[in-house]
Amino acid sequence: MDKYITLSVFTVFWLLFAVVGWFVAMRFKDRGVIRCCVVLTAACCYLVWLITFLMQMNPLVGPRADQKVIYAIMSYWPNSFIHSESDP
């Protein structure tokens with residue numbers, strides 16, 4: 001549920017940024033350039049945030065280790081689940 005709230009809040013924020021920038025640009029002489037810059041800024045920032053958010057929500061690549069490395073970690077680290085007593 002929290003991911004939908006976060007997604008909605010940031011979507012509304014960048015949409016409001018674009019709409020407010022669109023109407024503020026009416027006061028300036030070069031309104032076309034300013035509108036273009038504001039809308040492109042909002043769209044690019046939203047896409048960067050969205051891609052980063054979605055990548056963290058469902059990662060495609062996880063940590064990988066060889067079987068020997070996993071066994072070494074289990075046997076040499078003191079807080080491993082196979083240790084009943086500390087190493088000498």
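Over residues 6-25 the chain is 95% helix and 0% strand, with the end C-alpha atoms 29 Å apart. The model is a predicted one. Residues 32-55 are 100% helix and 0% strand, and here the end C-alpha atoms lie 34 Å apart. Both stretches are listed under "transmembrane region" in UniProt, in an unreviewed entry.

The protein as a whole has three helices and zero strands, so that its pattern along the sequence reads α-α-α.

Two packed helices are described by the angle between their axes and the distance between the axes. For helix α1 (residues 2-24) and helix α2 (residues 31-57), the angle is about 170° and the axes are 8 Å apart. Because angles over 145 degrees count as roughly antiparallel, α1 is roughly antiparallel to α2. On the α1 side, the contact is made by Lys-3, Thr-6, Leu-7, Phe-10, Thr-11, Trp-14, Phe-17, Ala-18, Gly-21 and Trp-22. Helix α2 contributes Arg-35, Val-38, Val-39, Thr-41, Ala-42, Cys-45, Tyr-46, Trp-49, Leu-50, Phe-53 and Met-57. By class, the residues of this contact divide into 15 nonpolar, four polar and two charged.

Some totals describe the whole chain. Of the contacts with a separation of 6 or more, 45% are between residues 24 or more positions apart. Buried residues make up 15% of the 88 residues. The protein exposes about 7800 Å², and carbon and sulfur atoms supply 70% of that area.

Methods. Residues are numbered from 1 along each chain as its sequence is written. This is a predicted model: local features need pLDDT of at least 70, side-chain atom pairs count only at pLDDT 80 or more; totals for chains, interfaces and linings use all residues. Side-chain values use heavy atoms; hydrogens and water are left out. Axes are lines fitted to C-alpha atoms, for helices over the stretch in contact, and angles run from 0 to 180 degrees between N-to-C directions. Helices (H or I, at least four residues) and strands (E, at least two) are DSSP runs, numbered from the N terminus. Angles under 35 degrees count as roughly parallel, over 145 as roughly antiparallel, 65 to 115 as roughly perpendicular and the rest as oblique. Contact means heavy atoms within 4.5 Å. Ala, Val, Leu, Ile, Met, Phe, Trp, Tyr, Cys and Pro count as nonpolar, Asp, Glu, Lys and Arg as charged, and the others, Gly among them, as polar. Buried means under 20% relative accessible area, exposed over 50%, partly exposed in between (1.4 Å probe, protein chains only). Accessible areas come from the Shrake-Rupley method with a 1.4 Å probe; for residues, only the protein chains shown count as cover. UniProt positions are given in the numbering used here, feature names are shortened, and annotations may be inferred rather than shown by experiment.
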